[in-house]
Amino acid sequence: MAFVSLRQLAFVAIFSAAALAANGALAAGAAPEPDRTMDMATVLKPGPLPELTMGDASGIPVVEYGSLTCPHCATFAREIFPELKKDYIDTGKVRFIFREFSRNPLDVAAFVLARCIGDDKAYAAIELLFSQQDKWAFVDKPLEPLIAAMRPTGLTHDQAMTCLKDQSKADAMVAIGKRGSDEIKMTGTPTFVIDGKVYGGELSIDQLKAILDPIIKK
């Protein structure tokens, strides 16, 4: 009798563990809850500078507001974005839009330098700065390390110093950030807007898949 009871208990334990695992798998594949919703047409209205965008114009718009001094944004750029690009942007499913959100004057300077080499090359420069973030963003005197990090783009020191005096670009960066705060009601970076839903914080590739796959035309 005791033997049967032990077998029954073992079966219950195994079944419970399997159920928990299944529930965990479902949770892992579930889309995160958005912070809020808003009109996507409003989000997509053009700003003071040309959009930094890639992917087919007919793809589902994915808007990221990111800061160059934000470690979570850098992690997303290094670890998650390449998968998003390969599976969704390069295949025409997604149109990715990056918007500069300046949390501080150093962000403004870094974004201005990225734009100075041309709007068509700016996102590549932003990726470069994310990859080198620890070398310039968290040091006592960041200006020279920031300019050095831009060197692979061909931007000289003199050109960089001239760019940093471009008040119109600096003002545009501030305006982009203000719009994000006012319209999106951002509370941090990165923040994503997809299909009229606002997601604050870094998203994993699994979370992005869970959000995107149901709304992408098959």
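Contacts by sequence separation come up before anything else. Residues 24 or more positions apart account for 77% of the contacts in the protein with a separation of 6 or more, where contact means heavy atoms within 4.5 Å. This is a predicted model, in which local features need pLDDT of at least 70, side-chain atom pairs count only at pLDDT 80 or more, and totals for chains, interfaces and linings use all residues. Residues are numbered from 1 along each chain as its sequence is written, and side-chain values use heavy atoms, with hydrogens and water left out.

Now the overall figures. The protein has 218 residues, and 40% of them count as buried. Buried means under 20% relative accessible area, exposed means over 50%, and partly exposed is in between, with a 1.4 Å probe and protein chains only. The accessible surface is about 11500 Å², and carbon and sulfur atoms hold 59% of that. The areas come from the Shrake-Rupley method with a 1.4 Å probe, and for residues only the protein chains shown count as cover. As for secondary structure, there are 10 helices and six strands. Both are DSSP runs numbered from the N terminus: H or I over at least four residues for helices, E over at least two for strands.

Next, the sheet. In what order do the six strands of the open sheet lie? The order is β1-β6-β5-β3-β4-β2, and the pairing is mixed. Two strands pair if DSSP finds at least two bridges between them. At the edges are β1 (36-37) and β2 (52-54), each of which pairs on one side only. As background, strands of a sheet pair through backbone hydrogen bonds, either parallel or antiparallel.

Take β3 and β4 together. β3 covers residues 60-66, and six of its seven residues are buried, so the strand is largely enclosed by the rest of the structure. β4 is mostly covered as well, with six of its seven residues buried. The two strands run parallel and are joined by seven bridges. Val62 has Phe96 in β4 as its bridge partner, and Val63 has Ile97 in β4. Ile97 is also the bridge partner of Thr53. β2 and β4 run antiparallel, with three bridges between them.

Further along the sheet, β5 (residues 191-194) and β6 (residues 197-200) pair in the antiparallel sense over four bridges. Asp195 sits in the loop between β5 and β6. Its phi is positive, about 55°, although Asp195 is not a glycine. Asp195 is partly exposed, at a relative accessible area of 42%.

On to the loop between α9 and β5. What kind of peptide bond joins Thr189 and Pro190? That bond is cis, with omega at about -5°. Pro190 lies in the loop between α9 (167-184) and β5. Lys185 is found in the loop between α9 and β5, and phi of Lys185 is positive, near 60°, in a residue other than glycine. Lys185 is partly exposed, with a relative accessible area of 49%. For reference, most residues other than glycine have a negative phi, and most peptide bonds are trans.

Leaving aside neighbours within four places in sequence, Met186 is in contact with Tyr65, Phe101, Gly180, Ser181 and Thr191. From Met186 to Tyr199 the separation is 13 residues in sequence and 9.3 Å in space, C-alpha to C-alpha.

Last, the helix packing. Helix α3 (residues 71-89) and helix α5 (residues 122-131) pack at an angle of about 110°, and their axes are 9 Å apart. Axes are lines fitted to C-alpha atoms, for helices over the stretch in contact, and angles run from 0 to 180 degrees between N-to-C directions. The two helices, α3 and α5, are therefore roughly perpendicular to each other, a label for angles of 65 to 115 degrees. By class, the contact of α3 with α5 has six nonpolar, one polar and two charged residues. Ala, Val, Leu, Ile, Met, Phe, Trp, Tyr, Cys and Pro count as nonpolar, Asp, Glu, Lys and Arg as charged, and the others, Gly among them, as polar. On the α3 side are Cys73, Ala74, Ala77, Arg78 and Phe81, which meet Tyr123, Glu127, Phe130 and Ser131 in α5. Helix α5 also lies across β2 and β4 (94-100), running at about 65° to β4.

Methods
Angles under 35 degrees count as roughly parallel, over 145 as roughly antiparallel, 65 to 115 as roughly perpendicular and the rest as oblique.
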